[in-house]
Amino acid sequence: MRWSKQRLGKAGLAVAVVALCCALGISADTAEHQLTVYTAQSSYSLPVLDRGGKAYLNVADLLSPLGASQPHVKGKEWRLELNKAELRLTEGKEKAVIRGHQADLGGKVLVEDGRVLVPMDAALSLLSQLLKTAVDYHQPARRIFVGNVFTRFHAELKNGDQPSLVLTFSQPIKRLDANHEEDRGVLFTHTDRTTLTFSQDPLVSDVNKQQFGEGAIQSLTFSEENGAASITVTGNSKLQVIRSEDGKTISLQPQAPVAVATPEPTQQTAPSVEEGQRHTQEFFVMIDPSHGGYDKGAIFGGKLAEKEITLRLARELRKELEERGIAARLLRDSDIDLALERRAEITNEQHAGIYVALHAGRPGRGVRVYSSLLSDPQQPLAGRFLPWDSAQSGALNRSQAAAHAVAGELRKKGLTVASLGMPVRPLNNIVAPAIAVELAPEGDDPQSMESQKRHNTVASAIASGIAQVRGQMGVRP
Ligand SMILES: [Zn+2]
């Protein structure tokens with residue numbers, strides 16, 4: 001299924017910032033160097049680390065999103081499997097063993113806090129040899145393209161009453177600039193230049209500069225750096241940026257005084273094949289232990305990180321669900337970074353029966369249960385392209401029923417419970433019923449966040465709540 005993604009409404013964002021900033025993925029590492037990997041299924045970015053002046057990557061960050069197994073560690077040797085091929089790394093060695101053959105890594109394997117790091121440039125040989133497919137590495141820009149996934153574009157200047165530059169893309173653009181949501185007004189548009197940054201799309205171009213002449217739109221430059229591509233348009237006017245609903249075109253035109261972007265109507269097509277298959281698949285709960293990797297989430301008592309609590313609670317919840325005969329999967333079962341968007345995409349791609357995000361946070365006490373709060377629940381769901389930011393709208397009633405049942409079970413166990421409707425990310429982007437459960441300390445005691453007994457109680461209540469409504473979850477209203 002394809003997705004067109006739109007901006008998160010600013011009002012919604014403000015509410016969420018006040019209430020639950022940890023869920024917004026705010027982290028201290030915003031200006032980090034990053035590497036982006038593009039595959040046919042997805043794209044993801046991972047932090048690039050400086051170790052003695054050399055760029056390094058965490059191997060788990062690189063390979064887990066592609067489906068690599070959990071690592072087996074034995075002494076200094078570290079093994080994992082991906083695509084039925086084995087990768088062996090040894091701390092301090094400059095060579096890896098891939099499919100039984102030695103491969104030069106261009107630097108030593110480092111181990112830090114249970115994470116295995118390899119030189120960044122080794123990513124090319126690791127990926128090409130494990131995946132056995134073409135891998136292109138735009139090294140200075142830190143972009144890796146797996147299996148010839150490229151999005152190309154052409155630009156055409158239309159001179160009507162007012163000039164309009166139309167960019168047509170070979171594949172739908174998933175997302176414009178990661179900071180788009182926070183940007184006020186039209187993104188990065190100044191009087192003389194407008195920059196569109198593409199962080200999630202494998203956008204490439206054979207032409208780096210095009211000239212159009214004088215006036216509002218004069219030239220276009222393509223560039224790529226730090227795991228992203230940019231298109232910069234220069235001219236003598238502020239430009240309005242309009243992305244079509246299907247994501248295949250972006251138009252830039254001089255800003256009208258009270259211009260309102262009117263996207264083209266949603267393309268109506270027959271429901272995709274996946275849509276029909278959804279109902280025949282086994283029901284399972286997608287458990288999302290929020291945060292992970294560099295994103296530690298909230299910190300309790302000076303050292304205990306939210307990302308650890310959510311993972312522990314997630315494993316407990318999986319156990320409780322399985323004991324009730326309900327299948328469950330974890331979005332991460334190790335300490336990896338996983339973007340909020342990617343979490344939603346995986347959940348949707350795998351057709352989860354229900355999605356449960358787990359958080360731990362202050363302030364307050366007890367447990368908070370969230371379901372989405374969409375401003376426009378009437379948004380039609382027909383057609384192939386679901387609006388990314390309101391993907392949840394068709395499941396809203398079922399999400400609320402699930403939140404209600406879970407809150408009820410938590411109360412039965414004597415916990416203080418608050419039920420809230422709130423656009424906690426990424427609930428709005430999930431097609432299935434979706435809730436978030438946030439554990440807060442009991443009173444002022446940060447130790448309560450570590451209590452195994454408390455984790456048991458909470459996990460058991462969530463599982464009971466889901467078991468209660470399980471029958472209603474797969475049915476569209
Ligand atoms: Zn959180």
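## Helix 7 against helix 8

Helix 7 (residues 396–412) packs against helix 8 at an angle of about 145°, and their axes are 8 Å apart. Axes are lines fitted to C-alpha atoms, for helices over the stretch in contact, and angles run from 0 to 180 degrees between N-to-C directions. Helices here are DSSP runs of H or I with at least four residues, strands are runs of E with at least two, and both are numbered from the N terminus. The crossing of helix 7 and helix 8 is right-handed.

Helix 7 brings R398, A401, A402, A405, V406, G408, E409 and L410 to the contact. Helix 8 brings V458, A461, I462, S464, G465, I466, Q468, V469, Q472 and M473. Contact requires C-beta atoms, placed from the backbone, within 7 Å. By class, there are 11 nonpolar, 5 polar and 2 charged residues. Ala, Val, Leu, Ile, Met, Phe, Trp, Tyr, Cys and Pro count as nonpolar, Asp, Glu, Lys and Arg as charged, and the others, Gly among them, as polar.

## About the model

This is a predicted model: local features need pLDDT of at least 70, side-chain atom pairs count only at pLDDT 80 or more, and totals for chains, interfaces and linings use all residues. Residues are numbered from 1 along each chain as its sequence is written.

## Helix 5 against helix 8

The axes of helix 5 (residues 306–323) and helix 8 (residues 452–473) come within 8 Å and cross at roughly 50°. Helix 5 is therefore oblique to helix 8. Under 35 degrees counts as roughly parallel, over 145 as roughly antiparallel, 65 to 115 as roughly perpendicular and the rest as oblique. This crossing of helix 5 and helix 8 is also right-handed.

From helix 5, the contact residues are R312, L313, E316, L317, E320 and L321. They meet H455, N456, V458, A459, S460, I462, A463 and I466 of helix 8. This contact has 8 nonpolar, 3 polar and 3 charged residues.

Helix 5 is mostly covered, with 13 of its 18 residues buried. Buried means 20 or more other C-beta atoms within 10 Å of a residue's own, exposed means 12 or fewer, and partly exposed lies in between; C-beta atoms are placed from the backbone. Just after helix 5, G325 takes a positive phi of about 75°.

## The whole chain

The protein chain has 8 helices and 31 strands. Of its 477 residues, 41% count as buried.

Note on methods
A crossing is left-handed if the near helix is turned anticlockwise from the far one by less than a right angle, and right-handed if clockwise. Two residues are in contact if their C-beta atoms, placed from the backbone, lie within 7 Å.
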